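Student: Please take a close look at the pocket side of this model. Then show me how the rest of the chain connects to that picture.

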Amino acid sequence: MRAARLIKLVLLLQARPSMTGPELAQELEVSERTVARDVLSLSEAGVPVYADRGRAGGYRLIGGYRTRLTGLGRSEAEALFLSGVPSALREMGLADAASAARLKVSAALLPELRDAATGAAQRFHLDAPAWYQEPRTPALLPAVAGAVWDDRRITARYLRKDTEVERQLEPYGLVLKAGVWYLAARAQGDFRVYRVDRFTAVEVPDGGEDGGEEGVQGPTGGGGRFLRDEAFDLPAFWAERAAQFARSLLREEVVVRLSAHGVRRLPHVTERAAAEEAIDAARSGDGPDAQGRLTVRLAVESAEVAYAQLLGLGPEGEVLHPPALRERFAAAARRTAALYA
């Protein structure tokens with residue numbers, strides 16, 4: 001375990017100019033004192049690790065030192081071949097590059113690990129699209145992906161409702177959610193999300209290999225390129241926006257009285273976070289009644305959506321409000337009872 005940690009410490013310092021003790025401790029999941037002891041052990045073993053003292057200090061490798069301790073173990077090699085979604089790479093136009101990378105990694109592996117790629121592929125398969133949907137690759141996805149890789153601005157035309165609009169975008173990242181591609185981009189100083197399949201045209205300036213069209217200089221970079229905000233975190237940004245989007249859909253509220261089984265079922269038939277929030281609020285409020293039933297105030301997208309979802313509770317849930325929705329459930333219950341009379 002310690003040997004693996006020492007190797008990881010060297011690789012971390014090899015990948016970055018300098019790291020502080022707290023940063024290394026967080027990456028290695030150990031204490032700063034353990035980091036200091038590990039650095040001392042590395043120095044005694046001949047690894048040129050240098051410690052800068054002071055407030056801005058940290059640890060770094062001297063003289064461009066490079067370790068050769070980069071061999072992969074079996075679990076590491078299998079995890080590498082599992083990374084990514086093959087269909088997503090294909091849609092972004094990166095299938096050939098990914099295939100070449102896998103071949104190069106395979107060639108560099110020890111002979112006893114050459115079956116790692118086949119072993120992983122035959123045990124795990126990542127299928128991104130949702131059920132009952134025919135996956136459709138946006139025609140402009142490769143162009144957008146290329147701009148994302150190259151940090152290059154794009155001029156995009158896209159459909160917003162029934163209107164086509166044009167925007168100058170700084171494309172930061174792509175997200176594949178349930179078979180739909182989304183672009184996280186900065187526009188007019190704000191980060192926003194765009195569905196790639198709504199793009200009707202994408203223009204990417206050709207700045208040549210040096211990234212600059214002669215005489216063209218943008219506000220944040222030359223030749224159509226932009227300088228990325230290093231503080232931008234794509235997974236965190238997407239998680240926040242996805243949560244905001246889910247909350248924005250829940251514009252109405254219904255009151256439902258649930259049996260104990262209905263309480264357990266509610267998160268499975270409605271939006272899970274909203275259901276769990278409603279149940280927690282009800283339990284911390286009045287709690288269950290004498291019959292063990294819990295009355296919850298549930299945020300829903302609309303009465304129509306609530307009707308379709310809450311039907312799944314059957315007799316385990318009773319809609320109390322709004323009156324129109326309650327009457328609709330009562331009518332459905334009468335028709336159902338007539339079928340089984």
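Tutor: The lining of the largest pocket divides into nine nonpolar, two polar and seven charged residues. (Nonpolar means Ala, Val, Leu, Ile, Met, Phe, Trp, Tyr, Cys and Pro; charged means Asp, Glu, Lys and Arg; the others, Gly among them, are polar.) This is a predicted model, where local features need pLDDT of at least 70, side-chain atom pairs count only at pLDDT 80 or more, and totals for chains, interfaces and linings use all residues. Residues are numbered from 1 along each chain as its sequence is written, and side-chain values use heavy atoms, without hydrogens and water.

The pocket has a volume of about 760 Å³. (A pocket is an open set of points on a 1 Å grid over the protein atoms alone, with protein on both sides within 12 Å along at least five of seven lines; a cavity is a set where a 1.4 Å probe fits but cannot get out; lining residues have an atom within 4 Å of a point. Volume is the space filled by probe spheres set on the points, which are joined across faces, edges and corners.)

The largest pocket is lined by 18 residues. Nearest its centre lie Tyr 182, Val 193, Arg 195, Arg 198 and Phe 245. Strand E3 (154–160), strand E6 (190–195) and helix H9 (234–249) each give two or more residues to this lining. (Helices, H or I, have at least four residues and strands, E, at least two; both are DSSP runs numbered from the N terminus.) H9 gives the largest share, six residues.

The whole structure has one cavity of 30 Å³ or more. The largest cavity has a volume of about 30 Å³. Glu 91, Ala 128, Pro 129, Pro 135, Arg 136, Leu 176, Gly 179 and Trp 181 line the largest cavity. By class, five are nonpolar, one is polar and two are charged.

Next, a helix pair. The axes of H10 (residues 260–269) and H11 (residues 272–284) come within 7 Å and cross at roughly 150°. (Axes are lines fitted to C-alpha atoms, for helices over the stretch in contact; angles run from 0 to 180 degrees between N-to-C directions.) That angle is why H10 is roughly antiparallel to H11. (Over 145 degrees is roughly antiparallel, under 35 roughly parallel, 65 to 115 roughly perpendicular, and the rest oblique.) Val 263, Leu 266, Pro 267 and His 268 in H10 meet Arg 272, Ala 275, Glu 276, Ile 279 and Arg 283 in H11. (Contact means heavy atoms within 4.5 Å.) The residues of this contact divide into five nonpolar, one polar and three charged.

A second pair is H12 (residues 303–310) and H13 (residues 323–339), which pack at about 35° with axes 11 Å apart. Ala 303, Glu 304, Ala 306, Tyr 307 and Leu 310 in H12 meet Leu 325, Arg 328, Phe 329, Ala 332 and Arg 335 in H13. That contact has seven nonpolar, no polar and three charged residues.

Finally, two backbone details. Pro 322 is in the loop between strand E10 (317–321) and H13. The peptide bond from His 321 to Pro 322 is cis, with omega near 5°. Glu 29 is in the loop between helix H2 (21–28) and helix H3 (32–44). Glu 29 has a positive phi of about 60°, although it is not a glycine.
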